[in-house]
Amino acid sequence: MAKGDKRIISFDEIRQLLHDNAETGFVHTTYQEESRRFHYLINGDKRAIKESQRICNADLQGKLSDDPVRNQQYLFIINTGLATRYLIEAGIPQETVYSTSDVYIRRADKATSIEEIMLLDKELWTVMVEMVREFKKESLYSKPILQCLNYIDSHFNEKLTLESLSEETGLSACYLAVLFKKETGKTFGNYLTDIRIETSKALLTKTDYSYSQIAYSLAFCSQSYFIQTFKNRTGYTPMQYRMKYYNANITIVGNNTYL
(Lines give C-alpha, C1' and ligand atoms only; values in the text may rest on other atoms or scores of the structure.)
Protein backbone atom coordinates (compact mmCIF):
# COMPACT_ATOMS: atom_id res chain seq x y z
CA MET A 1 0.00 0.00 0.00
CA ALA A 2 1.47 3.36 -1.05
CA LYS A 3 2.46 5.89 1.59
CA GLY A 4 -0.47 8.10 2.52
CA ASP A 5 -3.11 5.59 1.37
CA LYS A 6 -5.75 4.83 3.97
CA ARG A 7 -7.52 1.53 4.36
CA ILE A 8 -11.30 1.59 4.72
CA ILE A 9 -10.98 -1.17 7.31
CA SER A 10 -7.86 -1.44 9.44
CA PHE A 11 -6.22 -4.65 10.56
CA ASP A 12 -6.96 -3.51 14.11
CA GLU A 13 -10.68 -4.04 13.45
CA ILE A 14 -10.01 -7.55 12.20
CA ARG A 15 -7.80 -8.30 15.20
CA GLN A 16 -10.54 -7.02 17.49
CA LEU A 17 -13.06 -9.42 15.96
CA LEU A 18 -10.58 -12.29 16.28
CA HIS A 19 -10.19 -11.39 19.96
CA ASP A 20 -13.95 -11.14 20.50
CA ASN A 21 -14.51 -14.54 18.87
CA ALA A 22 -11.76 -16.06 21.03
CA GLU A 23 -13.33 -14.54 24.14
CA THR A 24 -16.76 -16.00 23.39
CA GLY A 25 -15.40 -19.31 22.13
CA PHE A 26 -16.93 -18.80 18.69
CA VAL A 27 -15.31 -20.80 15.86
CA HIS A 28 -16.53 -20.82 12.27
CA THR A 29 -17.43 -24.12 10.62
CA THR A 30 -14.45 -25.92 9.11
CA TYR A 31 -13.76 -26.00 5.39
CA GLN A 32 -14.56 -29.72 5.39
CA GLU A 33 -17.98 -29.09 6.94
CA GLU A 34 -18.58 -26.24 4.51
CA SER A 35 -17.71 -28.44 1.53
CA ARG A 36 -19.73 -31.48 2.50
CA ARG A 37 -23.10 -30.11 1.44
CA PHE A 38 -21.76 -29.09 -1.95
CA HIS A 39 -20.40 -32.55 -2.65
CA TYR A 40 -23.74 -34.00 -1.66
CA LEU A 41 -25.35 -31.48 -4.00
CA ILE A 42 -23.33 -32.25 -7.12
CA ASN A 43 -24.08 -35.95 -6.67
CA GLY A 44 -27.82 -35.32 -6.35
CA ASP A 45 -27.80 -36.54 -2.76
CA LYS A 46 -30.76 -35.28 -0.71
CA ARG A 47 -28.56 -35.04 2.36
CA ALA A 48 -27.41 -31.73 0.86
CA ILE A 49 -30.77 -30.20 1.87
CA LYS A 50 -30.47 -31.13 5.53
CA GLU A 51 -26.80 -30.14 5.61
CA SER A 52 -27.57 -26.70 4.16
CA GLN A 53 -30.25 -26.14 6.81
CA ARG A 54 -27.74 -27.05 9.50
CA ILE A 55 -24.88 -24.94 8.15
CA CYS A 56 -26.92 -21.83 7.24
CA ASN A 57 -27.05 -20.84 10.88
CA ALA A 58 -25.75 -17.64 12.48
CA ASP A 59 -24.41 -19.65 15.41
CA LEU A 60 -22.09 -21.49 13.01
CA GLN A 61 -21.39 -18.83 10.41
CA GLY A 62 -20.90 -15.68 12.44
CA LYS A 63 -22.58 -12.30 12.52
CA LEU A 64 -22.63 -10.31 9.28
CA SER A 65 -25.23 -7.80 10.44
CA ASP A 66 -26.61 -6.56 13.77
CA ASP A 67 -30.10 -7.11 12.37
CA PRO A 68 -30.97 -10.85 12.70
CA VAL A 69 -33.14 -11.01 9.56
CA ARG A 70 -30.62 -9.15 7.43
CA ASN A 71 -27.89 -11.40 8.83
CA GLN A 72 -29.83 -14.46 7.67
CA GLN A 73 -30.37 -12.87 4.26
CA TYR A 74 -26.63 -12.39 3.87
CA LEU A 75 -25.97 -16.00 4.86
CA PHE A 76 -28.60 -17.16 2.36
CA ILE A 77 -26.99 -15.14 -0.44
CA ILE A 78 -23.50 -16.48 0.32
CA ASN A 79 -24.79 -20.06 0.55
CA THR A 80 -26.69 -19.72 -2.73
CA GLY A 81 -23.79 -18.04 -4.54
CA LEU A 82 -21.42 -20.87 -3.63
CA ALA A 83 -23.96 -23.52 -4.62
CA THR A 84 -24.41 -22.03 -8.09
CA ARG A 85 -20.70 -22.50 -8.83
CA TYR A 86 -20.89 -26.16 -7.91
CA LEU A 87 -24.01 -26.68 -10.02
CA ILE A 88 -22.28 -25.19 -13.06
CA GLU A 89 -19.28 -27.46 -12.43
CA ALA A 90 -21.72 -30.37 -12.30
CA GLY A 91 -22.84 -29.51 -15.83
CA ILE A 92 -26.14 -27.74 -15.23
CA PRO A 93 -26.62 -24.99 -17.87
CA GLN A 94 -25.22 -21.72 -16.54
CA GLU A 95 -28.21 -19.51 -17.31
CA THR A 96 -30.61 -21.96 -15.69
CA VAL A 97 -28.48 -21.95 -12.56
CA TYR A 98 -28.09 -18.18 -12.34
CA SER A 99 -31.75 -17.53 -13.09
CA THR A 100 -32.81 -19.94 -10.36
CA SER A 101 -30.49 -18.36 -7.80
CA ASP A 102 -31.61 -14.85 -8.82
CA VAL A 103 -35.27 -15.71 -8.24
CA TYR A 104 -34.61 -17.11 -4.77
CA ILE A 105 -32.25 -14.32 -3.73
CA ARG A 106 -34.85 -11.72 -4.74
CA ARG A 107 -37.44 -13.57 -2.68
CA ALA A 108 -35.07 -13.75 0.30
CA ASP A 109 -34.42 -10.02 -0.05
CA LYS A 110 -38.12 -9.40 0.60
CA ALA A 111 -38.38 -11.87 3.48
CA THR A 112 -39.33 -10.45 6.87
CA SER A 113 -38.38 -13.33 9.16
CA ILE A 114 -35.59 -15.86 9.69
CA GLU A 115 -38.13 -18.68 9.41
CA GLU A 116 -39.20 -17.49 5.95
CA ILE A 117 -35.59 -17.39 4.76
CA MET A 118 -34.89 -20.88 6.09
CA LEU A 119 -37.95 -22.20 4.26
CA LEU A 120 -36.64 -20.60 1.07
CA ASP A 121 -33.25 -22.21 1.68
CA LYS A 122 -34.85 -25.64 2.06
CA GLU A 123 -36.94 -25.17 -1.08
CA LEU A 124 -34.00 -23.91 -3.12
CA TRP A 125 -31.73 -26.79 -2.16
CA THR A 126 -34.52 -29.26 -2.93
CA VAL A 127 -34.85 -27.69 -6.38
CA MET A 128 -31.08 -27.79 -6.95
CA VAL A 129 -30.77 -31.44 -5.94
CA GLU A 130 -33.57 -32.30 -8.36
CA MET A 131 -31.78 -30.34 -11.11
CA VAL A 132 -28.71 -32.50 -10.65
CA ARG A 133 -30.74 -35.69 -10.55
CA GLU A 134 -32.58 -34.78 -13.74
CA PHE A 135 -29.33 -33.84 -15.47
CA LYS A 136 -27.78 -37.17 -14.49
CA LYS A 137 -30.77 -39.01 -15.92
CA GLU A 138 -30.88 -37.22 -19.29
CA SER A 139 -29.85 -40.41 -21.06
CA LEU A 140 -32.86 -42.30 -22.29
CA TYR A 141 -33.36 -45.23 -19.94
CA SER A 142 -36.33 -47.52 -19.82
CA LYS A 143 -38.73 -47.05 -16.92
CA PRO A 144 -37.43 -50.03 -14.86
CA ILE A 145 -33.78 -49.00 -15.25
CA LEU A 146 -34.61 -45.41 -14.34
CA GLN A 147 -36.37 -46.79 -11.26
CA CYS A 148 -33.21 -48.76 -10.46
CA LEU A 149 -30.93 -45.74 -10.85
CA ASN A 150 -33.13 -43.57 -8.68
CA TYR A 151 -33.32 -46.30 -6.06
CA ILE A 152 -29.55 -46.82 -6.08
CA ASP A 153 -28.98 -43.06 -5.71
CA SER A 154 -30.99 -43.09 -2.49
CA HIS A 155 -29.81 -46.43 -1.07
CA PHE A 156 -26.19 -46.92 -2.21
CA ASN A 157 -25.06 -46.63 1.41
CA GLU A 158 -27.19 -49.64 2.38
CA LYS A 159 -26.95 -53.34 1.62
CA LEU A 160 -28.30 -53.42 -1.92
CA THR A 161 -28.85 -56.42 -4.19
CA LEU A 162 -30.42 -57.21 -7.53
CA GLU A 163 -33.21 -58.83 -5.56
CA SER A 164 -33.89 -55.45 -3.91
CA LEU A 165 -34.18 -53.84 -7.35
CA SER A 166 -36.30 -56.75 -8.56
CA GLU A 167 -38.83 -56.04 -5.81
CA GLU A 168 -38.73 -52.34 -6.67
CA THR A 169 -39.38 -52.85 -10.40
CA GLY A 170 -41.42 -56.05 -10.44
CA LEU A 171 -38.98 -57.70 -12.88
CA SER A 172 -37.03 -60.89 -12.30
CA ALA A 173 -33.48 -60.43 -11.05
CA CYS A 174 -32.01 -62.32 -14.04
CA TYR A 175 -33.85 -60.22 -16.62
CA LEU A 176 -33.04 -57.03 -14.72
CA ALA A 177 -29.33 -57.89 -14.68
CA VAL A 178 -29.28 -58.24 -18.47
CA LEU A 179 -31.32 -55.07 -19.01
CA PHE A 180 -29.19 -53.07 -16.58
CA LYS A 181 -25.94 -54.02 -18.34
CA LYS A 182 -27.46 -53.32 -21.76
CA GLU A 183 -28.65 -49.80 -20.90
CA THR A 184 -25.93 -48.57 -18.54
CA GLY A 185 -22.96 -50.41 -20.01
CA LYS A 186 -22.10 -51.77 -16.56
CA THR A 187 -23.16 -54.66 -14.43
CA PHE A 188 -25.24 -53.76 -11.40
CA GLY A 189 -22.34 -54.65 -9.10
CA ASN A 190 -19.83 -52.48 -10.96
CA TYR A 191 -22.23 -49.54 -11.13
CA LEU A 192 -22.92 -49.70 -7.40
CA THR A 193 -19.23 -50.05 -6.54
CA ASP A 194 -18.35 -47.06 -8.76
CA ILE A 195 -20.81 -44.86 -6.86
CA ARG A 196 -19.48 -46.02 -3.51
CA ILE A 197 -15.85 -45.47 -4.50
CA GLU A 198 -16.55 -41.98 -5.87
CA THR A 199 -18.41 -41.09 -2.67
CA SER A 200 -15.55 -42.45 -0.57
CA LYS A 201 -13.16 -40.14 -2.46
CA ALA A 202 -15.20 -37.14 -1.32
CA LEU A 203 -15.27 -38.42 2.26
CA LEU A 204 -11.52 -39.02 2.22
CA THR A 205 -10.69 -35.56 0.91
CA LYS A 206 -13.35 -33.46 2.61
CA THR A 207 -13.89 -35.08 6.01
CA ASP A 208 -11.86 -36.62 8.83
CA TYR A 209 -13.91 -39.82 8.92
CA SER A 210 -11.84 -42.91 9.69
CA TYR A 211 -11.44 -45.60 7.05
CA SER A 212 -13.68 -47.93 9.03
CA GLN A 213 -16.38 -45.23 9.30
CA ILE A 214 -16.26 -44.67 5.54
CA ALA A 215 -16.29 -48.39 4.82
CA TYR A 216 -19.33 -49.13 6.96
CA SER A 217 -21.20 -45.94 6.00
CA LEU A 218 -21.01 -47.08 2.37
CA ALA A 219 -22.05 -50.67 3.15
CA PHE A 220 -18.70 -52.34 2.46
CA CYS A 221 -18.63 -55.61 4.38
CA SER A 222 -15.35 -54.72 6.12
CA GLN A 223 -12.64 -52.08 6.27
CA SER A 224 -10.15 -54.43 4.62
CA TYR A 225 -12.52 -55.10 1.71
CA PHE A 226 -13.06 -51.36 1.27
CA ILE A 227 -9.30 -50.74 1.19
CA GLN A 228 -8.74 -53.55 -1.30
CA THR A 229 -11.58 -52.40 -3.58
CA PHE A 230 -10.48 -48.76 -3.39
CA LYS A 231 -6.92 -49.64 -4.40
CA ASN A 232 -8.10 -51.87 -7.25
CA ARG A 233 -10.29 -49.05 -8.62
CA THR A 234 -8.00 -46.05 -8.07
CA GLY A 235 -4.45 -47.35 -7.77
CA TYR A 236 -4.19 -45.76 -4.31
CA THR A 237 -4.89 -47.01 -0.83
CA PRO A 238 -7.38 -44.77 1.01
CA MET A 239 -4.50 -43.44 3.12
CA GLN A 240 -2.44 -42.55 0.04
CA TYR A 241 -5.43 -40.89 -1.61
CA ARG A 242 -6.23 -38.82 1.47
CA MET A 243 -2.60 -37.70 1.86
CA LYS A 244 -2.40 -36.71 -1.81
CA TYR A 245 -5.76 -34.97 -2.25
CA TYR A 246 -6.92 -33.87 1.21
CA ASN A 247 -8.63 -30.45 0.86
CA ALA A 248 -7.78 -30.41 -2.86
CA ASN A 249 -10.33 -28.80 -5.14
CA ILE A 250 -11.91 -32.06 -6.23
CA THR A 251 -15.29 -32.04 -7.87
CA ILE A 252 -17.05 -35.38 -8.17
CA VAL A 253 -19.69 -35.75 -10.87
CA GLY A 254 -21.19 -39.12 -11.62
CA ASN A 255 -18.35 -41.58 -12.04
CA ASN A 256 -15.64 -39.05 -12.88
CA THR A 257 -13.28 -37.14 -10.66
CA TYR A 258 -11.95 -33.75 -11.69
CA LEU A 259 -9.02 -31.96 -10.03
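Biologist: Which describes H5 and H7 in relation to each other, roughly parallel or roughly antiparallel?

Modeller: The model is a predicted one, in which local features need pLDDT of at least 70 and side-chain atom pairs count only at pLDDT 80 or more, while totals for chains, interfaces and linings use all residues. Residues are numbered from 1 along each chain as its sequence is written, and side-chain values use heavy atoms, with hydrogens and water left out.

H5 and H7 are roughly parallel to each other. The axes of H5 (residues 68-89) and H7 cross at roughly 5 degrees and come within 10 Å. Here an axis is a line fitted to C-alpha atoms, for helices over the stretch in contact, and the angle between N-to-C directions runs from 0 to 180 degrees. Angles under 35 degrees count as roughly parallel, those over 145 as roughly antiparallel, 65 to 115 as roughly perpendicular, and the rest as oblique. The helices themselves are DSSP runs (H or I, at least four residues; strands are E, at least two), numbered from the N terminus.

On the H5 side, the residues that meet H7 include Gln72, Phe76, Asn79, Ala83 and Leu87, and their partners in H7 include Ile117, Leu124, Met128 and Val132. The residues of this contact (heavy atoms within 4.5 Å) divide into 14 nonpolar, four polar and one charged. In this count Ala, Val, Leu, Ile, Met, Phe, Trp, Tyr, Cys and Pro are nonpolar, Asp, Glu, Lys and Arg are charged, and the others, Gly among them, are polar.

H7 also packs against H3 (residues 47-55), at an angle of about 155 degrees and with the axes 9 Å apart. H3 and H7 are therefore roughly antiparallel to each other. Ala48, Ile49, Ser52 and Gln53 of H3 meet Met118, Asp121, Lys122, Trp125, Thr126 and Val129 of H7. By class, that contact holds five nonpolar, three polar and two charged residues. Met118, Asp121 and Trp125 of H7 figure in the contacts with both H3 and H5.

Glutamate 123 also lies in H7, which spans residues 114-136. Its relative accessibility of 44% makes glutamate 123 partly exposed, the range between buried (under 20% relative accessible area) and exposed (over 50%), with a 1.4 Å probe and protein chains only. Although 74 residues separate glutamate 123 from isoleucine 49 in sequence, their C-alpha atoms are 8.5 Å apart.

Another packing pair lies later in the chain. The axes of H11 (residues 188-206) and H14 come within 8 Å and cross at roughly 55 degrees, and the two helices are therefore oblique to each other. The crossing of H11 past H14 is right-handed. Lys201, Leu203, Leu204 and Thr205 in H11 meet Pro238, Tyr241, Arg242 and Tyr245 in H14; the contact comprises five nonpolar, one polar and two charged residues.

Those four residues of H14 (residues 238-245) are also buried. They lie on the same side of H14, because they cover an arc of only 95 degrees around the axis, taken from the directions from the helix axis to the C-beta atoms. Just after H14, asparagine 247 adopts a positive phi of about 65 degrees.

H11 also holds isoleucine 197, which is buried at a relative accessible area of 3%. Beyond its neighbours within four places in sequence, isoleucine 197 touches Phe220, Thr229, Phe230, Arg233 and Thr234. Alanine 219 sits in the loop between H12 (211-217) and H13 (223-234) and, although not a glycine, has a positive phi of about 70 degrees. Alanine 219 is partly exposed, with a relative accessible area of 27%.

Glutamine 223 belongs to H13 and, not counting residues up to four places away, is in contact with Tyr211, Ser212, Ala215 and Tyr216. Its C-alpha lies 5.1 Å from that of serine 212, eleven residues away in sequence.

Of the contacts between residues at least 6 apart in sequence, 62% join residues at least 24 apart.

Terms used. Left-handed = near helix turned anticlockwise from the far one by under 90°.
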